Amino acid sequence: MSLLALLCLHVVSAQNAPTHTTYGTFGLDMTAIDSTVRPGDDFWAYANGAWAKTAHFAGNQEVVGVAVDFNALADARALSLMDRPAFMTSTDSDQRKVAQFYASWMDTATRERSGLASLRPLLVRIARLKSRADLSAAFGAAEFASPFDIDVAPTAADPKRNEVVVSAGSLGMAPSYYLQQGAAFDADRAAYRHYIEQILTLSGFTAPAAKADAIVALEMRMAKAQAQGTSAADMVVPVPALPKQFPQVAWRDLLKARGLGDAQELRLQSGASVRALAELVASVPVDTWKTYLAFRLVSDHADYLPAAFATAREAFYDRTLYGLTASRDRASQGVRLVEKAMPEAVSRLYVKRYLDTATSQAIREMFDNVKASYAELIDRAAWMDEPTRQAARAKLAALTACIGGPDLTTDFSDLAIAKDDLLGNVIRSERKRVALLAASLASPPDACARYGFAQGGNDFYVREENRVLIPSGSMIPPFFDPAADPAVNYGAIGVTIGHEIGHGFDVDGAAFDGHGRRVNWWSDASRKAFAGMAARVAADYATMEVLPGLHVDGEKTLGEDMADLTGTQAAFMAYRKYQQRHGKAPVLNGTTGEQRFFLALAQMRRTNVREETLRFLVASDTHTPPRQRVNGVVRHIDAWYDAFSVRPGDALYVAPADRIHLW
């Protein structure tokens, strides 16, 4: 089914909302339930097992389930803002440029004819690099890869002011793929080296095999340098002091190339890692860095080059690393490309067409209810002393939410977009993104404007602003359905809202106060008690086996797991408050309101993941995989035991005294 055909099945606009649910008759897919599984043995399988038995991966899918449905509907909505001939000549500049950018992606014939033409000037720039200063300037350019990631973010001491943040840059694979041992990782490293040689050969480089070896060796050293900073403290260094403290890099040249020449100081995130990377800049020959920059330039833009390049990239990343057996949907790829290049423009168009005022009001009420439940949880936390409790309540009171999307007026008049110049469009948009980022240094931080684009499908918490972002794009099934039973919505987006608020009080968020400042608002006794419970959470999740011999990394996923535990509890309490105001929930299809809440939680994570992708996620993602994520939460929620008559002897049963109640 095409994306636009899918959109016709579920249209929501400011003028009309659906009167029927997307899943089942009240928001749950009751046909997905496997009644042969006891809820207390594997709740995810109970809620989703019948579906899982018949779910199959398409060749181009890493995952299958509601996440795919959600992304398809989100893509269909965004595509409806791009893929219409009339938009190509619209008098609305944003509308016209969005449509022309998308058209350039779909025009594969022109892409083949253009070859490497738009990259040639950039490859010549790399070839002409002579000195460390030249190299440093290249590391700051928008178009090139860099051992350093350069960002602008709120300062820790004064979150109402932005600062320049330097951290480790991206590599061709996740750092763990370079460092972990075993046959699977050996095979991935060999495949990556082969891919590098392919790209260099296609690009016409001499001695591609030797250059590929040099690039792999360099990235291995970069991965080891990054690993040095995993637990290192940040460093704040005035720009005038950089030549003395970090003389290996010409920082002023780098910052000037990034449009940040006026920066007065840098925050070096995990300073030991930045120092180790800077030492590589000095010790690795300039020619090796030039080869690396040239490879990354072509590889990072391979999808916008002739098919031979795109196919090579797909063969390694999609087929080898992620286990896909067919190509991804081209229309969806085009949607994501345009959204990445011009997110503010797409957001404005999305708000105009899809923002539903009634839905926004419902989400606001749910946010307020979940927030009020957190206040109760904080008040009843026996392990917390009174001074810390008052500080926690103050932080919660200061918490705000950006719901729907920001009011944006970003000027794209200086961004040239042509319907027949895909690679040029991409490069110019990369420069525009860097220019916008540099300009934000002089402005107060605004996470909603920077991250909360209306079309986004991901809610998140910004600790520096103590703010939850809930974009309009996340307010679609299975997370929210205006026609669904309230229990279902509370068990889905209500839990998601609770999760995001929970990040304000997880192991990372707990280091920030209600104004986004990194300050210690904890007493020693409360901090010790909190750390002890966090250790229990990490140890508990580490017992869960994802694949034979592969367990959840409880330390890596700790923040997300803590947010899940507290968020689910708070959302369930909020749902009970809803029933107190609106009356006891009816029994629907044999399920109580409480049961529907937990089933919605499980069906919100009704996702199967390919084994290759699952291994990748366990190695790199901070979230516990879906099945373990559901089971790991419910076994610590007392109300779940009552709702499904879970008893001793069931696989998920945890004795009341051993259940983890963070708040």
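Is Ser-270 buried or exposed? Select Ser-270 and show the surface around that residue: Ser-270 is buried, with a relative accessible area of 18% (buried means under 20% relative accessible area, exposed over 50%, and partly exposed in between, using a 1.4 Å probe and protein chains only).

Before moving on, a word about what is on your screen. This is a predicted model, in which local features need pLDDT of at least 70, side-chain atom pairs count only at pLDDT 80 or more, and totals for chains, interfaces and linings use all residues. Residues are numbered from 1 along each chain as its sequence is written, and side-chain values use heavy atoms, with hydrogens and water left out.

**Stop 1: around Ser-270**

Stay on Ser-270 and check the backbone: phi is positive, about 55°, although this residue is not a glycine. Ser-270 belongs to the loop between β5 and α13 (271–283). Helices (H or I, at least four residues) and strands (E, at least two) are DSSP runs, numbered from the N terminus.

**Stop 2: the four-stranded sheet**

Four strands make an open sheet with mixed pairing, in the order β2-β3-β5-β4; two strands pair if DSSP finds at least two bridges between them. Colour β2 (148–154) and β4 (235–238) to see the edge strands, each of which pairs on one side only. From one strand to the next, the twist averages 30° (axes are lines fitted to C-alpha atoms, and angles run from 0 to 180 degrees between N-to-C directions).

Next, select residues 162–168 and 265–268, which are β3 and β5: they pair in the parallel sense over three bridges.

**Stop 3: β8 and its partners**

Go to β8 (467–471). Four of the five residues of β8 are buried, so this strand is largely enclosed by the rest of the structure. β6 (residues 400–404) pairs with β8 in the parallel sense over five bridges, and Thr-400 stands opposite Arg-467 in β8. β7 (residues 460–462) pairs with β8 in the antiparallel sense over three bridges; there, Val-462 stands opposite Arg-467. Follow the chain from β7 to β8 and you trace a hairpin with four residues between the strands, where Asn-466 in the turn has a positive phi of about 50°.

**Stop 4: two backbone details**

Select Pro-477 and Pro-478: a cis peptide bond joins them, with omega about 5°. Pro-478 sits in the loop between β8 and α22 (486–502). Finish at Ser-645, in the segment after α28 (638–644), where phi is positive at about 50° although the residue is not a glycine.
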